[in-house]
Amino acid sequence: MSIRPVKRLIQSKPTLEGAGVHLRRAFGFGNTSEFDPFLLLDDFRNDVPDDYLAGFPWHPHRGIETITYVLAGEVEHSDSMGNEGSIAAGDVQWMTAGRGIIHQEMPKGDAAGRMHGFQLWANLPASLKMTEPRYQEVKEAEIPQITDDDGTTVRLVCGKFWGKTGPVDGIAADPIYLDVTVPPGRRKILPVETTRHAFAYVFGGSGKFCNASGPLSVPTEPVGWADVKPPTDAANRSLVLFDRGDEVMVQAEEEGVRFLLVSGKPLEEPVAWYGPIVMNTQEQLRQAFSELDKGTFLKSEK
C-alpha cells in the first residue's frame, strides 16, 4: 500500500459567475488535465444574499455533467426537459447535459441568509458527448452516511466506498464523491484506487495530508510529517491535488477537519472548452455555438 503524495496545494480564488454570484473557484478553465475527468470545482459559500440571489439564469450546457451539492440554503432548478425542483441542505443534483440542455439554478439562503454548496463539473467521453440529457435529484436521506469506529464519518454521494454504494448511478467518469469528517486529533487512512486522479477540498476545520508539498511545510518523507503544523491559511478553502498511490492519509487538527474527497478515472481525451460547453475539437465547439445562434441547439429524442 502506498500513500499518495500531495502534488499541489491550491487556495480557491474569488470569482464572479452567473448574474453576479460571488463564489470561490478551486480549479477550472485553463489546463485541467491533472484533474481529468473533472473540469471545475466552485465553492458557493456566502452569507450576504445580495451576493448570490441573482443566481445563474437560463444558460446552455453540452458535453459535461454538473454536480451540485448543497450544505445550507436551497437551489431551485428548472430546465428545457421540463424538470423542476429544489435541493436543500444535504441534497444533490446531478445533471448530465449530454447533447444539450438549457437550465437555470437560483440559490436562496436559509433563515439566517446563508448559502453554501459546491458545483463540480465532470467531463463526458467523446462517445457520450451527444447522449440524451439526464437529471437526477437526490435527497439527503438517500445518501448513505458511514461512521467508522474512530468517529470518522463519510457521506457517500456517488460511487462505492467501505462496502456501500452511493445513490447516483450511470455516471460515465465512474467518480467517487465523498464528504468526509475526521474528528479532532485523529489520523485517518482512506483508500483511493491508483488508476484514478484524486483531490480533496477542505471546507471545515483544518488538517494535514501526508507527504504534503511546500505550502503545507510538511516534509516529503513520511517520518515526522504529522508533527509539522501548516499555516492557518492553508486549511479552509484549500484544494489538495494528490499524486499517484492507493491511499490518502490525513491528520485532523484540534477542531477536526471536513473535506470533499473526489476521484475519477481519467478520460485522456482532447478538450475543446468555451464557457458552458465542452467538446473534443474546436470544430465541434463552433458547431455548438452556431446551433445556439440558429435555435437548433436542443435536440429531440433519437
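Predicted model: local features only at pLDDT ≥ 70, side-chain atom pairs only at ≥ 80, totals over all residues.

Me: Fine. Which strand gives the most to the lining of the largest pocket?

Reply: That's β5, which puts four residues into the lining.

Me: And which other elements give two or more residues to it?

Reply: Besides β5 (56-61), there are β3 (21-28), β4, β10 (101-108) and β11 (116-123).

Me: How much space is in there, and which residues lie nearest the centre?

Reply: The largest pocket holds about 370 Å³. Its lining has 20 residues, and Glu17, Gly18, Phe56, His59 and Trp121 lie nearest the centre.

Me: How does that lining split by class?

Reply: Ten nonpolar, six polar and four charged residues.

Me: OK, what about the second largest pocket? What's its volume?

Reply: About 270 Å³. The lining here has 19 residues, with Gly159, Lys160, Asp174, Ile176 and Arg196 nearest the centre. By class, nine of the lining residues are nonpolar, four polar and six charged.

Me: Changing topic: aspartate 42. Where is it?

Reply: Aspartate 42 is in strand β4, which covers residues 38-43.

Me: Buried or exposed?

Reply: Buried. Aspartate 42 has 6% relative accessibility, and the cut-off for buried is under 20%.

Me: Which side chain does aspartate 42 have a polar contact with?

Reply: Arginine 25. The polar contact between the two side chains is 2.7 Å.

Me: What else is aspartate 42 in contact with, leaving aside neighbours within four places in sequence?

Reply: Arg25 shows up again, together with Glu17, Leu23, Arg24, Gly117, Phe118 and Gln119. Glu17 is also one of the residues nearest the centre of the largest pocket.

Me: Let's move to β14. How many of its residues are buried?

Reply: Six of six, over residues 153-158.

Me: And which way does β13 run relative to β14, parallel or antiparallel?

Reply: Antiparallel. β13 (residues 145-147) is joined to β14 by three bridges. Isoleucine 146 stands opposite valine 154 in β14.

Me: How many residues are between the strands in that hairpin?

Reply: Five residues lie between β13 and β14, and glycine 151 in this hairpin takes a positive phi near 95 degrees.

Me: What about β14 and β17, how many bridges there?

Reply: Five bridges, also in the antiparallel sense, with β17 at residues 176-182. Valine 154 turns up here too, standing opposite valine 180 in β17.

Me: Then tryptophan 162. Where is that one?

Reply: In the loop between β15 (160-161) and β16 (164-165). Tryptophan 162 has a positive phi near 50 degrees and counts as partly exposed at 30% relative accessibility.

Methods
Residues numbered from 1 in each chain as written. Heavy atoms only, no water. Buried < 20%, exposed > 50% of the residue type's maximum accessible area, 1.4 Å probe, protein only. Polar contact = N/O pair within 3.5 Å; in protein donor to acceptor, adjacent residues only side chain to side chain. Contact = heavy atoms within 4.5 Å. Pairing = 2+ DSSP bridges. 1 Å grid on protein atoms, 1.4 Å probe; cavity = no way out; pocket = protein on both sides within 12 Å on 5 of 7 lines; lining within 4 Å. Points joined across faces, edges and corners; volume = space filled by probe spheres on them. Nonpolar A, V, L, I, M, F, W, Y, C, P; charged D, E, K, R; others polar.
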